[in-house]
Amino acid sequence: MRSIFKKSLGLILVSGLLLAAVFNGKNYLFSSRVDIQLTQESPVKKLLQAKIQELSNEYHDIAYHIKEDVACRLAQNTCVCLADKKTFHLPYSELLFPRVWSHNLGAAFLESHPDPEDIKRHRAQEYSSFWRRSYSPADLLIINEANSPLQYPTQGVEVRPLKTIIIPGLGLKEEARSNHMVYVKATLGTFDVAATVDSVSVKGVGENYMTLSSPLLSALNRQLQFVTYTNTVFHPKTADTVQFSTEGHKAFFTIKIGHQIVPKLYYTGQQTEYNISALVTIATKTFLRYDKLNDLISSVRQYYPSVTIVIADDNEHPQKVTGPYIEHYTMPFGKGWFAGRNLALSQVSTKYVLWADDDFIFTANTKLEKMVDILEKTTLDLVGGAVREVTGYTATYLHTISVEEGGEEGDCLHIRNGFHHVIDGFPKCVVTDAVINFFMGRTDKLREVGFNPRLARKAHLEFFIDALGSLHIGSCSDVIVNHASKIILPWSKTDSQKAYEKFRYSSTSSDADLHNEVFYYRNRFKCMTSH
């Protein structure tokens, strides 16, 4: 009797727990399930690729003549990294006429690794996972065939995840016949109609395949104005490829699926001119150069007395750095250059952040207002300035960066001196891909890219390579900061200066191996060329 009572009590408790789960909206047992695993190519993609191949095979019997000067600029299926040949030897010829050098990253990294085949296999797996994770159906190439009677949106259709929209612009333009029929097909959602029209038959309501037909073309077109799409597979940012068809004709268009981008706005108060203290934080990293750091702070205070300065410090024996609007953060000893940038950037609360080395000196030419102005008035995310040496030489360190597709072995990285074009309205400013170590950027955009903390002693262009495709970058040569003198007589060097040079400028094989690994494995480059 007791065992029966216990079993009954157990059933009551289990039932109660299940009911509680249902009423609390946490019943996973009866919830619909969707597959969000990384999958191979979708049937829609294969169908589109087959259609494009079919179209490209038309007119194959018609002769053509290749224009070499144009064809040579087209992307190839593979890429190579070739160095310039050295044609003459003159004093300072490398400075006056810099040659392009090349470096085989694959050979350099793999020859020092104990199991190169294992590395290559893992690299391929990681890249495959990355590609499938970052791919969107909105990237699919879609070609509209000529003389199609189908009318549909070509772009601009968006739906929030798991929400419903009316698909705008659907229509059928064809001659009168006994019956007119179209169908729509999707992968990540279902179709319905927000209203019904007499004389129109609708089949497949609530499914991912729906047909609409009517003997009256006008009635069918009216019904198409009420066709809805409901997203059924949650994803914060993706797209669905919709097939819209009638007899003898197929068309495809994409519906973007995603949350609305949440803005990050900065209130800087009412102002008639730029309030640099409210808009900009200066960030720097220091190591064994407290004298230089104090000179930087003093020079900043001459022109911007209330701007916040954030300092990342990885000295072995940190010294206190205090003062108004100073934030000093210590790190483990020798943590490194890019780790310090990440720490400093993480503490910035203003709209913009200015990066300055700890041995820079502000002058009357260091006009941060000019940097803020171009960032406020253009689509740039980051703008660099110029650094003037004690000799009077001023550098902006402009580089263009491009990546050429290279197949299974990896891509080719090409770095060149120069810029893309001058910015209209800002004659001293240009668009480029990399700038010098004196730049101002949108804080949130810089955080999105970040700095690889493994690069501890020597790193600069690596950040801009990671930012390629993410940041819109410019440079203005009329915003100038001075560089503290590096001319020091050997017998006058302090112990601190000697220690700094040992850490900063000594090069080991492990440093080279790390950079080869970053480029070859992390960024998937097989080779690189540069000036």
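This is a predicted model: local features need pLDDT of at least 70, side-chain atom pairs count only at pLDDT 80 or more; totals for chains, interfaces and linings use all residues.
Which residues of α15 are buried? They are Leu514, His515, Asn516, Val518, Phe519 and Tyr520. The elements covering them include β1, α5, α6, β21, α13 and β26.

Next, the cores. The largest nonpolar core has 42 residues, and Leu382, Leu413, Leu446, Phe463 and Phe464 have the most contacts inside it. Among the elements that each supply at least two residues of this core are α15, β21 and β26. Helix α10 gives the largest share, 5 residues. Apart from this core lies another, of 39 residues, including Phe362 and Phe438.

Now the disulfides; the count is 3. Cysteine 79 pairs with cysteine 412, sulfur to sulfur 2.0 Å. Cysteine 79 sits in the loop between α3 and α4, and cysteine 412 in strand β21, 333 residues apart. The torsion about their S-S bond is about 90°, so this disulfide is right-handed.

Cysteine 81 is joined to cysteine 527. Cysteine 81 is in the loop between α3 and α4 and cysteine 527 in β26, so the pair ties together parts 446 residues apart in sequence.

The remaining link is cysteine 429 to cysteine 476, from strand β23 to strand β25, 47 residues apart. Cysteine 429 is buried at 4% relative accessibility, and cysteine 476 is buried at 2%. In sequence order, the bonded cysteines pair 1-3, 2-6, 4-5.

Technical notes. Residues are numbered from 1 along each chain as its sequence is written. Side-chain values use heavy atoms; hydrogens and water are left out. Buried means under 20% relative accessible area, exposed over 50%, partly exposed in between (1.4 Å probe, protein chains only). Helices (H or I, at least four residues) and strands (E, at least two) are DSSP runs, numbered from the N terminus. Contact means heavy atoms within 4.5 Å. A nonpolar core is a set of buried Ala, Val, Leu, Ile, Met, Phe, Trp, Tyr and Cys residues joined through side-chain atoms within 4.5 Å. A disulfide is a pair of cysteine sulfur atoms within 2.5 Å.
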